[in-house]
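Try each task before you read its solution.

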Amino acid sequence: MEIDKYQALSTRFMNPDLTRKEKILNMCLGLCGETGEVVDVIKKHMFQGHDLDYNNVFEELSDVMWYVSNLASLLDFKMEDILEYNYRKLSKRYPMGFTVNDSKLRRDKM
């Protein structure tokens, strides 16, 4: 699915009874919660002897994307623009791909 199509379609799953401010807060809190769930799966794998549950990570990442996409919509950002901006920023920071030196130099902050 194309990101712009997903962004448009996914808004229908927001609670329509909330105010815009409440929806923004809901998206922020939900994003934190779902990100924490991804982190918890990785933590259990790395430090507690669990097998890495790829299906669970996949599912939680899809939830993260829902919150990101809808927060973007509420703030009148297009996901496509966000992704393009991030790519340009990283391309400037790491012109030849990631290196430790470029990470320390931070060309994008100059």
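**Exercise 1. Which residues gather in a patch of negative charge on the surface?**

Before starting, note that this is a predicted model, where local features need pLDDT of at least 70, side-chain atom pairs count only at pLDDT 80 or more, and totals for chains, interfaces and linings use all residues. Residues are numbered from 1 along each chain as its sequence is written, and side-chain values use heavy atoms, with hydrogens and water left out.

Step 1: Patches are made of residues with over 30% relative accessible area and no salt bridge, with like charges joined within 9 Å and nonpolar side chains (Val, Leu, Ile, Met, Phe, Trp, Tyr) within 5 Å. Lys and Arg count as positive and Asp and Glu as negative, while His and the chain ends are not counted. Each charge is placed at NZ of Lys, CZ of Arg, CG of Asp or CD of Glu. Areas come from the Shrake-Rupley method with a 1.4 Å probe, and for residues only the protein chains shown count as cover.

Step 2: pick out the members. They're Glu2, Asp4, Glu80 and Asp81.

Step 3: look at one of them. Glu80 sits in helix H4 (residues 79–93), and its relative accessibility of 38% makes it partly exposed. The classes are buried under 20% relative accessible area, exposed over 50%, and partly exposed in between (1.4 Å probe, protein chains only).

**Exercise 2. How many salt bridges does the structure hold, and which residues are linked in a network?**

Step 1: A salt bridge is a side-chain nitrogen of Lys or Arg within 4 Å of a carboxyl oxygen of Asp or Glu. Side chains of opposite charge can pair when their charged atoms come close.

Step 2: count. There are three.

Step 3: start in H2. Asp40 meets Lys43 at 2.8 Å, N to O. These two are three residues apart in helix H2 (residues 20–47), so about one helical turn separates them. Lys44 also bridges to Asp40, with the closest N and O atoms 3.2 Å apart. Here the spacing is four residues in H2, again about one helical turn.

Step 4: join them up. Asp40, Lys43 and Lys44 form a salt-bridge network.

Step 5: move to H4. Glu84 and Arg88 pair at 3.0 Å, N to O, and they lie four residues apart in that helix, about one turn. Glu84 is partly exposed at 43%, as is Arg88 at 48%.

**Exercise 3. What pattern does the protein follow along the sequence, and what radius of gyration does it have?**

Step 1: list the elements. You'll find five helices and zero strands, taken as DSSP runs (helices H or I, at least four residues; strands E, at least two) numbered from the N terminus.

Step 2: read them off in order. That gives α-α-α-α-α.

Step 3: check the dimensions. The radius of gyration is 17 Å, whereas a compact globule of 110 residues would come out near 13 Å. That radius is taken over C-alpha atoms, and the globule rule is 2.2 Å times the number of residues to the power 0.38. The C-alpha trace spans about 50 × 40 × 25 Å along its principal axes.

Step 4: look at burial. Of the 110 residues, 23% count as buried.

**Exercise 4. Is Leu74 buried or exposed?**

Step 1: locate Leu74. It belongs to helix H3 (residues 54–74).

Step 2: apply the class. Its relative accessibility is 11%, so Leu74 counts as buried.

Step 3: Leu74 and Val57 are 17 residues apart in sequence and 26 Å apart in space, C-alpha to C-alpha.
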